[in-house]
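Here is a short briefing on one chain. Look at the fold before reading on.

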Amino acid sequence: IGKKDSLTFLAWNLIAGVIGFFIFSLLGLHSFAGFLIFPPIPEITLSYVLYAIALGILGALVALFMGIVMNGMGIAMERAFSEKIITRILFAGVIIAGVCYFIPELMFSGETTIHSIVENPAEFGILMLLLMAILKIILLALSFKSGFLGGPIFPTLFTCTMIGLALSLVFPTVPVGIFVLCTMAAVVTLALGAPLTASLLVIVIGSSNPNMSALLVLSSVVALILGITV
């Protein structure tokens, strides 16, 4: 906004957020605090720190891939359908419905289907988890660029969770929360361009203890640095 008014803007922004949350709570709506709870990290080790750094790099790459897919889908939709808005929407609807018919876990934002996957990721396997992560990004881009309304946060969290669960199957001795939450923090940092918001969001969603919070903030910072330098 500007150096002169930045603190004033921040103050009003925080007040607006608090008022919004009060109304949200008074209406008895469901909060997403503790949406994905993983076992706490009892202590920080050097290996965990290295994993957090690596996941920050991976998260930056995932966010970059999301940007490429989003831009590419927009160009493709414009070239294929131009001003044919209804045709574009119907085409996207058919594609999305066809994919979700065979993989129903990809329906909607993934908010309701993610829990069953987290409870038993081995049932799906590494390749299927990664496939769902990629398809979720593609379907999100297709939805946005064809005219459907919605937000990117939960589809992004779904993708990050699938990647984290796949990695946990590869490295079963590492706490699964590190893979999932550190990847989330890194991807959301670059996707939103807001590292503090990303860190707070993931901490609240995962009800993270201080050790986990420190690791996911580290991943967020690594992704931010890569985003600035690339």
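Predicted model: local features only at pLDDT ≥ 70, side-chain atom pairs only at ≥ 80, totals over all residues.

Residues are numbered from 1 along each chain as its sequence is written, and side-chain values use heavy atoms, with hydrogens and water left out.

**Fold and dimensions**
- The chain has nine helices and zero strands (DSSP runs, numbered from the N terminus: helices are H or I, at least four residues; strands are E, at least two).
- The radius of gyration is 19 Å, close to the 17 Å of the globule rule for 230 residues, so the chain is as compact as a globular protein of that length (taken over C-alpha atoms; the rule is 2.2 Å times the number of residues to the power 0.38).
- The C-alpha trace spans about 55 × 50 × 45 Å along its principal axes.

**Packing**
- Of the 230 residues, 37% count as buried (under 20% relative accessible area; exposed is over 50%, partly exposed in between; 1.4 Å probe, protein chains only).
- Among contacts between residues at least 6 apart in sequence, 77% join residues at least 24 apart (contact means heavy atoms within 4.5 Å).

**Loop residue Leu27**
- Leu27 sits in the loop between α1 (6–26) and α2 (46–81).
- Leu27 counts as exposed, because its relative accessibility is 62%.
- His115 is 88 residues from Leu27 along the chain, and their C-alpha atoms are separated by 25 Å.
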